[in-house]
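Colleague: I would like to learn how to read charged side chains in a model. Where do we begin?

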Amino acid sequence: MRKLSMDELGRKSVAEFRESEKMPIIVVLENIRSAYNVGSVFRTSDAFLVEAIYITGYSAKPPHKEVKKTALGAEESVSWQHFANAEDAIAALRLDGYSVWAVEQVAQSRKLHQLQWDGQTKIAVVFGNEVSGVEQATIALCDGCLEIPQLGMKHSLNIATAAGVVLWELVRIKV
């Protein structure tokens with residue numbers, strides 16, 4: 001085996017990324033404490049050609065230096081919008097025809113791998129605060145909750161890790 005060079009990877013420029021057909025996925029970040037986590041979600045969203053990130057509440061947003069540090073330029077390629085709160089973001093998503101799913105452990109949650117998604121229907125996934133998760137009021141506005149099955153003692157993942165798992169599960173049907 002030989003490691004691929006940068007040229008062989010065929011990486012897109014910012015302009016090429018913006019012109020590329022995106023996955024019909026919008027990530028909603030609700031009150032994320034760590035700007036580093038926000039930047040990591042930008043980078044993951046770039047990797048999976050996510051349509052946009054909706055940043056809500058007190059979550060850091062570009063050009064915050066810690067977002068830029070972990071996004072490594074993805075804050076320039078991935079479209080984003082800021083909303084005062086998740087309720088406003090979800091209202092905008094509904095107007096655009098998105099189904100909205102919180103990523104949270106709740107009664108009657110659906111295991112992530114059991115979601116029936118065709119890769120073409122518009123979907124938004126809401127990720128919550130590192131300590132308190134997605135707010136109950138936000139969960140009430142969603143079509144349902146997706147849960148990442150976990151087998152260990154902690155039963156929690158860092159939000160950036162959870163976003164990577166969820167986004168890969170959504171896009172892998174197209175790869």
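Modeller: Begin with burial: a residue is buried under 20% relative accessible area, exposed over 50%, and partly exposed in between (1.4 Å probe, protein chains only). This is a predicted model, in which local features need pLDDT of at least 70, side-chain atom pairs count only at pLDDT 80 or more, and totals for chains, interfaces and linings use all residues. Residues are numbered from 1 along each chain as its sequence is written, and side-chain values use heavy atoms, with hydrogens and water left out.

Colleague: Is Glu75 buried or exposed?

Modeller: Glu75 is buried, at a relative accessible area of 7%.

Colleague: With which residue does Glu75 form a salt bridge?

Modeller: Side chains of opposite charge can pair when their charged atoms come close. A salt bridge is a side-chain nitrogen of Lys or Arg within 4 Å of a carboxyl oxygen of Asp or Glu. Glu75 has one with Lys68, where the closest N and O atoms are 3.4 Å apart. Lys68 is partly exposed, at 37%.

Colleague: How many salt bridges does the structure hold?

Modeller: The structure holds 6. One of them joins Arg94 and Asp143, with the closest N and O atoms 2.9 Å apart. Arg94 is in helix α6 and Asp143 in the loop between α7 and β7, so the pair ties together parts 49 residues apart in sequence. Helices (H or I, at least four residues) and strands (E, at least two) are DSSP runs, numbered from the N terminus.
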